[in-house]
Amino acid sequence: MADEQQASAGQGEQAPQFSIQRIYLKDMSLELPNAPQIFLEASAPSVEIQLDITNEVLGEGVHETAVRVTVTAKMAEKVAFLVEATQAGIFTSQGIAADQMEAVANILCPSIIYPYLRSNIADAVQRSGFPPVHLAEINFEALFQQRLAEQQAQAGAAGNGSGIILPH
């Protein structure tokens, strides 16, 4: 009876599994190129934010997803501060189809990592003497769908068919 259950379990599909192995701050830099004079400026800073997501396969069923944010604040056309930070995570997965894995790596994983990155950036900016920058929440699913649509449009315009290539 036990042999029959093991045999039938081996014949069925493997249940999808996903787990977090580690979340870590991969890289961070903070620059105040115009300090201390910038602290004497009275104008409110304008803030520009850039975001990038990368994925790397580390081994069978193991990958790293990294979210990189660059925050540039200017006061009167002078850079008040520049923060670049990359928060990453190592994730394991089994039994997840390749097309679903793209969504996991570009939606689920960044959603797990991003709150840590937001906190690290706010803390670094505050420790530099400025009020903390609280990054807005991001809908990573909408961002992923937008990237797919852009890539399909580019592939269609180039005549490359309907293949989707995610940025790495």
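Colleague: Which side chains meet in a salt bridge with aspartate 123 and at what N to O distance?

Modeller: Side chains of opposite charge can pair when their charged atoms come close. A salt bridge is counted when a side-chain nitrogen of Lys or Arg lies within 4 Å of a carboxyl oxygen of Asp or Glu. In this predicted model, aspartate 123 forms one with arginine 127, at 2.9 Å from N to O. The two are four residues apart in helix α2, and therefore separated by about one helical turn. Helices (H or I, at least four residues) and strands (E, at least two) are DSSP runs, numbered from the N terminus.

Colleague: Is arginine 127 buried or exposed?

Modeller: Buried means under 20% relative accessible area, exposed over 50%, and partly exposed in between, with a 1.4 Å probe and protein chains only. Arginine 127 is exposed at 68%, while aspartate 123 is partly exposed at 34%.

Colleague: How many salt bridges does a search of the whole structure find?

Modeller: The search finds five. One of them joins lysine 26 and glutamate 64, at 3.0 Å from N to O. Lysine 26 is in strand β1 and glutamate 64 in strand β3, so this pair ties together parts 38 residues apart in sequence. Glutamate 64 is buried, at 6%; lysine 26 is partly exposed, at 45%.

Colleague: What is the largest nonpolar core made of?

Modeller: A nonpolar core is a set of buried Ala, Val, Leu, Ile, Met, Phe, Trp, Tyr and Cys residues joined through side-chain atoms within 4.5 Å. Here the largest has 25 residues, and Val69, Val71, Phe81 and Ile121 have the most contacts inside it. Two or more residues come from each of β3 (62–75), β4 (78–94), α2 (98–127) and α3 (140–158). The largest share, eight residues, belongs to α2.

Colleague: Which residues does isoleucine 121 touch?

Modeller: Contact means heavy atoms within 4.5 Å. Leaving out residues up to four places away in sequence, isoleucine 121 touches Met28, Val69, Val71, Val83, Ala85, Val133 and Leu135.

Colleague: How many aromatic pairs are there?

Modeller: Rings of Phe, Tyr and Trp (its six-membered ring) pair if their centres lie within 6.5 Å; planes under 30 degrees apart count as stacked, over 60 as edge-to-face and the rest as tilted. The count is four. Phenylalanine 18 and phenylalanine 91 have ring centres 5.6 Å apart and planes at 15°, so they are stacked. Phenylalanine 18 sits in strand β1 (residues 17–31) and phenylalanine 91 in strand β4, 73 residues apart. Phenylalanine 91 is buried at 0%, whereas phenylalanine 18 is partly exposed at 29%.

Colleague: Where is the cis peptide bond that involves proline 36?

Modeller: The cis bond joins alanine 35 and proline 36, with omega about 5°. Proline 36 lies in the loop between β1 and β2 (46–59).

Colleague: What conventions apply to the numbers?

Modeller: Residues are numbered from 1 along each chain as its sequence is written, and side-chain values use heavy atoms, with hydrogens and water left out. Local features need pLDDT of at least 70 and side-chain atom pairs count only at pLDDT 80 or more, while totals for chains, interfaces and linings use all residues.
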